[in-house]
Amino acid sequence: MLELFALQIVVFSIFPLYFTSLHGSIRKAAFYIYIALVLLIGGFFGNVYSLPISPDINVSGGNLCYGAFMMSVVMFVLVERDVLILRHIVKLVVLVDLFNVIFSALVAETLQHQAVINPHNISAQLFNVSTAFIILGGVLILLELLTLLFAFEKLKKLNLGFIITGLLYVALFIAVLCFDGIAFPLIAFGFSPEIVAIVFGGLDGKVLTASAYAVPLLLFVLLKRHTFVSYLQADDFRWGLLFTTSRQLLDEMESKNYQLEQAATVFSNASEGLAFVNGDGRILHANETFCAMLGLDSGNFSEQYRVVGALFQIDGRFIDLDTVLSEQWRGEVHFGDGYQHQGLLAVNQVVSQQNKQATFVFSLVNIDEQKRAQQRLSYLARHDQLTLLPNRRVLDEHLSAIANQSATLLVIDLDHFKDVNDSYGHGAGDNVLKHVAARLTQVQNNHRQQIDILSRTGGDEFALLINSSDLTLVERIIADIQSLLKPEMQIGEQTVIYASATIGASIQRGGEKRNLLQEADASLYEAKRHRRGSYGLYEDRLTEQSQRKLMLSFKLKAALESQGLQVFYQPQFSPHESMPVGVEALARWHDDELGWISPAEFIPIAEETGNIEKLGHYVLRQACFDGASWHALGFAQLKVSVNVSAYQLRFGHFINTLTEVLQESQFPAQSLELELTESVYIEREKEVLPLLNQIKALGVCLAIDDFGTGYSSLSYLSKIPWDTLKIDRSFIIDIPQNEEQCQLISTIITMAHDLRLTIVVEGVETAEQLAFVEQRGCQFIQGYYYSPPLDKTRLEQRLEQG
């Protein structure tokens, strides 16, 4: 009997194994027909015969058919890798069972008819019982089949390898078949002790049958290894499709097809290069853009760079696939012929709900244009757009890199550059800067080995960094700069100018770490203060001066905003009267930290920092309001003098400011006198004279202050509508002892009388000085002989004392 059993196993197994070697629809048709036949005959073979393998082991025909069915379906599903196959198998089981039920009922009814010939005397009751067993067997077959395949799907997600997974599949197959041998009789006949004893007593036959059918299944796994591995790598089954209607399935397929068409259109026509790559780094599919960017033949990847890692480089090395082939990666790469193009490569892993092996989407965008734009922006960020020289940022980087090295920094500042902009416009100023940059570049070329960098640091200022502390070399380069700047510059069709520059230098010797830029700036401003067009070499004291100057500029701005400055008044007297006839308003500044700060120190700072207009407005307004209050007290004879800086007149707002202050304070214009130095009008008479005439038209008096300390041009005395001439204290310090001084001051007084100017002598401190100027007809005296500058309260006390 064992041979007969084995022969039947071979017969039932050989056909499914053969079917796995077929292809396409022929294979599917063969499996469906075979499975249907096994189901048809299986419903009756259980009642037809049993094979006694041994005294204790019996195998029924139904068990043989059931095992053949399960083996065939498992092979069918593994080879097709399609859940729809399982859907059709379920339908086939239902239809065959329905046929068997109907046929059994029809046979039972036929056998009960008296006219039917029944030579073997077969009982109709046999077919009535078979109907129930057929239904139960069909339900169990479906449940066990679905359970087995569901377990297969879960198991393959564990990625245990081909051999182990195959052995576990075979073990699960045996277990399910054995379970059927237990479940079917217990459900069909109940859980009585006798039935349980029979079931477990005959379990050996179930195990033998299941093990026998496991052999062809194991042969399939081994012989059809590629097919089995393909199943393990395929998408997981979508179990929901088993319960989807055909209409729903068709709608879903149409929707998926439409989406695939859309995706294919986007893939083919995308402006970026797209490619699908497997886990081994091999290109599966790529669009035309990707192939064009990388020089690939889209029709044949097998003979080209199939391994995508060889197509891209990062920092001169091929990309590392272990790094790139991750869930998500993004980076800049070089690609193309000679890897000369730059691109942004994005790699994204695509894993569907069922997928076992990941696919990677490579997205490549050419960023050559963006890189060129980025380089251009980087260049612009580090270079001056007008002169194309490196800017302050680049200079700072070079200065940071030369710590403890021998170096010299030259800061070059153009003299009177603001006058070029004011007189000829900013276009002319730009042309001057270009000419200067070109000439300084020539200096750099002449000393290419010694000059590290030439930069424009801002405005009209340039810087040269020399990689040496040799003073002789530094002076030679400075001389070269001044020499090349001397020739005229053409800034218009008929306009030429001459340029000069003041240069500040700071030297750093080996082992030192100096603030070269700050020191060079300090030496520059020191040189400007003494003589423009010269150069200055840094000394330690200059930094202290520069730092104090910077501190005072911040403090002065804060003091002006908070009205922290005071206005003092120095009285002016007639030699024959004890009552002041006038006062000069003087700005005074007391800082809580620094104490009293001299006007000689903070006035130039106000002019350099642009705060002189605000300071002048503050003093003018305070003086006019104070003067109006004194007039109200009965001191109508008192004239108030206020100093006006040349910078105030250049802003163009002064006449409006003066008019508003006079209107607000109600101070009589004829009681106000403005003191101006010669620098106000030197070489600017065409601009200043109309403004001074406007001031005179308001009734305000004009005084020339510190006469004799500047140009002292007599032509300006005759052109400008002066009312008063103030003689500076420097002319009377040594009188009457110094005969030359006496002769000079006598001449100035005589000249003023001839021009009908009122004379005020400043700085009179002794009786001898007073007597000298009084004898020569000076109308008014100002100085410590009579009174120092006083604040408003003390001045009012002096006025009340008479």
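Predicted model: local features only at pLDDT ≥ 70, side-chain atom pairs only at ≥ 80, totals over all residues.
## Nonpolar surface patch

A nonpolar patch on the surface is formed by Leu158, Leu160, Ile163, Ile164, Leu167, Leu168, Val215, Leu218, Leu219, Leu222 and Leu223. Together these residues have about 990 Å² of accessible area. Helix H6 (162–189) and helix H8 (203–223) are the elements that give two or more residues to the nonpolar patch. The most comes from H8, which gives 5 residues.

## Leucine 222

One of the residues that form the patch is Leu222, and its place is in helix H8. The relative accessible area of leucine 222 is 48%. Exposed means over 50% and buried means under 20%, so leucine 222 counts as partly exposed.

## Largest cavity

The count of cavities of 30 Å³ or more comes to 1. The largest cavity holds about 60 Å³ of space. Its lining is made up of Asn63, Tyr66, Leu177, Asp180, Gly181, Lys206, Thr209 and Ala210. The elements that give two or more residues to this lining are helix H3 (61–80), H6 and H8.

By residue class, the lining of the largest cavity divides into 3 nonpolar, 3 polar and 2 charged residues.

## Helices H6 and H8

Helices H6 and H8 each give two or more residues to the nonpolar patch. H6 and H8 also each give two or more residues to the lining of the largest cavity, as does H3.

Methods
Residues numbered from 1 in each chain as written. Heavy atoms only, no water. Patch = residues over 30% accessible without salt bridge, like charges linked within 9 Å, V, L, I, M, F, W, Y side chains within 5 Å. Areas by Shrake-Rupley, 256 points an atom, 1.4 Å probe, with all protein chains shown as cover. Salt bridge = Lys/Arg side-chain N within 4 Å of Asp/Glu carboxyl O. Helix = DSSP H or I, 4+ residues; strand = E, 2+ residues; numbered from the N terminus. Buried < 20%, exposed > 50% of the residue type's maximum accessible area, 1.4 Å probe, protein only. 1 Å grid on protein atoms, 1.4 Å probe; cavity = no way out; pocket = protein on both sides within 12 Å on 5 of 7 lines; lining within 4 Å. Points joined across faces, edges and corners; volume = space filled by probe spheres on them. Nonpolar A, V, L, I, M, F, W, Y, C, P; charged D, E, K, R; others polar.
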